[in-house]
Amino acid sequence: MPKEIQQLDRVIIRFAGDSGDGMQLTGDRFTQETASFGNDLSTLPNFPAEIRAPAGTLPGVSSFQLHFADHDIMTPGDAPDVLVAMNPAALKANLEDLPKGATIIVNTDEFTKRALAKVGYTTNPLEDGSLADYKVSPVPLTSLTVKALESFDISKKDAERAKNMFALGLLSWMYNRPTEGTLKFLQTKFAKKPEIMNANIAAFKAGWNFGETTEDFAVSYEVKPAALPAGRYRNITGNLALSYGLIAASKLSGLPLFLGSYPITPASDILHELSKHKRFGVRTFQAEDEIAGVGAALGASFGGALGVTTTSGPGMALKAETIGLAVMTELPLVIIDVQRGGPSTGLPTKTEQADLLMAMFGRNGESPLPVLAPRSPSDCFAIAIEAVRIATKYRTPVIVLSDGYLANGSEPWRIPELSELPKLEVAFAREPNGENGEFLPYLRDPETLARPWAVPGTPGLEHRVGGIEKSDRTGEISYAPANHDLMVRTRQAKIDGIARDIEPLEVDDPTGDATVLALGWGGTYGSIATAVRQVRRTGAKIAHAHLRHLNPFPANLGEVLKRYERVVVPEINMGQLALLLRGRFLVDVISYTKVRGLPFKSDELAGVFQEVIDRAE
Amino acid sequence: MPSEKNGAVFRGLKLVPRSDTTYKMKDFKSDQEVRWCPGCGDYAILSAFQGFLPELGVPRENIVVISGIGCSSRFPYYLSTYGMHSIHGRAPAIATGLAASRSDLSVWVVTGDGDALSIGGNHLIHAMRRNVNLNILMFNNRIYGLTKGQYSPTSEAGKITKSSPMGSLDNPFNPVALALGAGATFVARTVDSDRKHLTEVLRAAADHPGTSFVEIYQNCPIFNDDAFALVKEPGERDNRVLRLEHGQPLKIGEDRGVVFGEYGRLTVVDLADVSEDQLVVHDAHRADPSYAFALAQLDEPAFEHVPIGVFRDVEAPTYEEAMAEQIEQARATQGEGDLMELLAGSDTWTIK
């Protein structure tokens, strides 16, 4: 008898297990299947900084959350509808996030006395009634997998390791996911180990068949494809989108890409990705430290390349002096900071937005530079190109503030056509620019205030740059008081002037008469936008705007702020944008902050917004 | 040793275009007033360097000098080439990025003992192990000059300075031994006041493909005057300096020579006690660095006998050539990158 299929408009699934259980891979595969099915989706990987924390412990739990829907969604979801718990630690670590009535698929094989005791369970939660509020589906995932793989010539350990594929097969059945992609993936991944490949495929199919035949699972679910704007789509993470954006910018500008970088979580994937694309002429240099990473990138920029460095907070601290040199020498440079929890080593694998003030002010002297922040994983592509545009046009270092959530989270991305990408025209200086045929390396373009970019190898334009204050026009060393004052103000004016060359801040205010504005920046876009929708569904009015340019601010920001009675600014820091807004515009914004290493929950933000609206009335 | 490719005189410049112009020394002087203290050894080095540059035979615009911070690091301002006076200790890192992306340039790093060995020690050793095509000129005056007289990483232990009134507690680096330990493929030492020798060493450094590390003993008349008097003054010099010449026996003055001693070390002996054919014949091209390292140890006791010249000069692939090769190889096997194909990847779906 065919089983019943129920229609759902959206589902949030969280896979959780030991960091060695392959939960990230399982989540990635489920995501790919979901993407190719045509749902809108958003993901949240969450893993410990330790590569293999002690097995079965709470700190060792790794999870992957996926939200997919038949309509457009913007966050990985607040609370899972379904938890797949591979062991007691995974259950215990994630239970508090589950709403009552949620489904828990649990690997009963791992619920041994010892494993329970390891995480402090004195009784078995599967038996003591403590899960009565949830729909629990107990499945002996490990033993079923081992049984399904009996005929394979592999060790018991290898057979047990395939249990994540069994779980993936079961969930793929439950949500009617296509399977071709995963089968193809396994064939490629284990091409050199055919026995392991076949075992994983068998485990995956066994999981699917288990769902279809066993009576424990009476119903499967369907989430129809989402009606997204027409086009060709792929799924993409923030780090991948940043990498592609840099390669695209290199192509569009004709400048060879040079990445100087030192491995650091959560930015290393950009180094890994770019090192794969040498055929695009990309040079990646894994430096001896963070300082050498940015130094080499600046050296490459001096030579006319597109110099880029990638890092996270602790690396930013080390790069500060070289970024200051880039400000002084007025050379293009792109610095990507994939923010993580701080201070110091902080929370290497968790997200935070607390490097904004460091990006703005974390250098000696007056050293202004543009700061940008992508608002979603796919926006990382556009922001990388925008950073290159500004850096090359204005001859300035540009900081891009991504974060751990954007870096590893993914969403569908409509692949742009070449014609949709901006033109990046870079003009090197070729001729002397002085009245008497001399070259003046600090003679500025009257509109952009950029100085000429004259690269070694250009005859007649030999000049010296450096960290010591330079004389206006000639670029000679100058300690003259008036010149320093002029140069400090000119460097500031150059950066301020970029405000004329960036898109004005768009405000989402459908009725045009909201009195409260929610204003965010960077990776919180999805949570804030979802919360705003929730609030509007209750009939309340709220406007939303989101900053991608943090320095300079869009030219209309001051006017936007003054339009609203109250401005609420949610941030995953202690109120850094709020501080800037108050200082710059004398507007008493309401700062709402949380620093848990996780994205905001939209439910929580909706509550905050509602409260502000209620108080305003 | 002209290269087939473009007739370059120097092997280290084989990817740099040749110049049609015949330059003179004055062509490399910038219009900036030189501002070192009177009597500073930097003047002699600058003059020798400006005098040498025409020999390179490459366009002036293809020469770049990158420095860090310190007295020596003002060097780029006084040369009419491209240049960057960067930040403390970072010149090798910045130069690495430039050289790795522009093999058509002749890149020189000018640094000092504090800049290169203290704050920038990490970048120095990594540039050398990678064999980036750079010429690193390290002016060693064994003192911090620009900050007015603190002990440096090459100051002798016990040295009394402003920051060590009771004597420095640090043991000094031996820069040549350090460079050899880091795997440098070219290591040499010369002296500011010996223009002829300095120029010969610059010539050898430019000829060497990959990182050339040159220690230049340089006098600081203000904070460490006469630090190298023993290797400079004619009466003393001749009995102390061991001039390294490839293929020639190691001799110090007329009376002493160098033989192999125990455990791989080198020993200085009186020529009265050994015959000349027992002396070690200098071989700068030995792949194994042990001999060069043993030579570097002859510095001690201080200035009793000091080798100058090229300690080591061996051929190895340069970093930028290897980097360019990987790009060519990727293009040969996978074809030129197609942006649209890259963006699409393998898993796409279409919404109509």
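Chain B is divided into domain 1, covering residues 11–227 and 317–344, and domain 2, covering 242–310; these bounds come from an automatic or database domain assignment. Everything here is a predicted model, in which local features need pLDDT of at least 70 and side-chain atom pairs count only at pLDDT 80 or more, while totals for chains, interfaces and linings use all residues. Residues are numbered from 1 along each chain as its sequence is written, and chains are lettered from A and ligands numbered from 1 in the order in which they are written.

Let us stay with the two domains for a moment. The C-alpha centres of domain 1 of chain B and domain 2 of chain B lie 27 Å apart. Their contact takes 13 residues from domain 1 of chain B and 11 residues from domain 2 of chain B, where two residues are in contact if their C-beta atoms, placed from the backbone, lie within 7 Å. On the domain 1 side, the elements of chain B that give two or more residues are α5 (175–181), β5 (186–191) and α6 (195–207). Helices (H or I, at least four residues) and strands (E, at least two) are DSSP runs, numbered from the N terminus. The most comes from β5(B), with five residues. By type, this side of domain 1 of chain B has eight nonpolar, three polar and two charged residues. Here Ala, Val, Leu, Ile, Met, Phe, Trp, Tyr, Cys and Pro count as nonpolar, Asp, Glu, Lys and Arg as charged, and the others, Gly among them, as polar.

Now step back to chain B as a whole. Its secondary structure comes to 11 helices and 12 strands, and its C-alpha trace spans about 90 × 45 × 45 Å along the principal axes. A compact globule of 352 residues would have a radius of gyration near 20 Å, and the 22 Å of chain B agrees with that; the radius is taken over C-alpha atoms, and the globule rule is 2.2 Å times the number of residues to the power 0.38. Buried residues make up 49% of chain B. A residue is buried if 20 or more other C-beta atoms lie within 10 Å of its own, exposed if 12 or fewer, and partly exposed in between, with C-beta atoms placed from the backbone.

Chain A can be described in the same terms. Its secondary structure comes to 20 helices and 23 strands, and its C-alpha atoms fill a box of roughly 90 × 65 × 45 Å along the principal axes. With 617 residues, a compact globule would have a radius of gyration near 25 Å, and chain A, at 27 Å, agrees. Of these 617 residues, 55% count as buried. Among contacts in chain A between residues at least 6 apart in sequence, 76% join residues at least 24 apart.

How do the two chains meet? The contact takes 52 residues from chain B and 59 residues from chain A. In chain B, the elements that each supply at least two residues include α4 (121–130), α10 (319–334) and α11 (339–344). With eight residues, α2(B) gives the most to the side of chain B that touches chain A. That side of chain B divides into 23 nonpolar, 20 polar and nine charged residues. Strands take part too: β9 (residues 231–237) of chain A and β12(B) pair in the antiparallel sense over four bridges, pairing being called if DSSP finds at least two bridges between two strands. In β12(B), B:Ile351 is the bridge partner of A:Gly231.

Within helix α2 of chain B you will find B:Ala95. This residue is buried, with 35 other C-beta atoms within 10 Å. Leaving aside residues up to four places away in sequence, B:Ala95 touches A:Gly299, B:Ile66, B:Val107, B:Val109 and B:Leu134.

Finally, the interior. A nonpolar core is a set of buried Ala, Val, Leu, Ile, Met, Phe, Trp, Tyr and Cys residues joined through C-beta atoms within 7 Å. Of the 206 residues in the largest nonpolar core, A:Ala384, A:Phe609 and B:Phe311 touch the most other members. Helix α14 (residues 379–394) of chain A gives this core its largest share, 11 residues. A second, separate core of 53 residues includes A:Ala16, A:Ile73, A:Met165 and A:Ala167.
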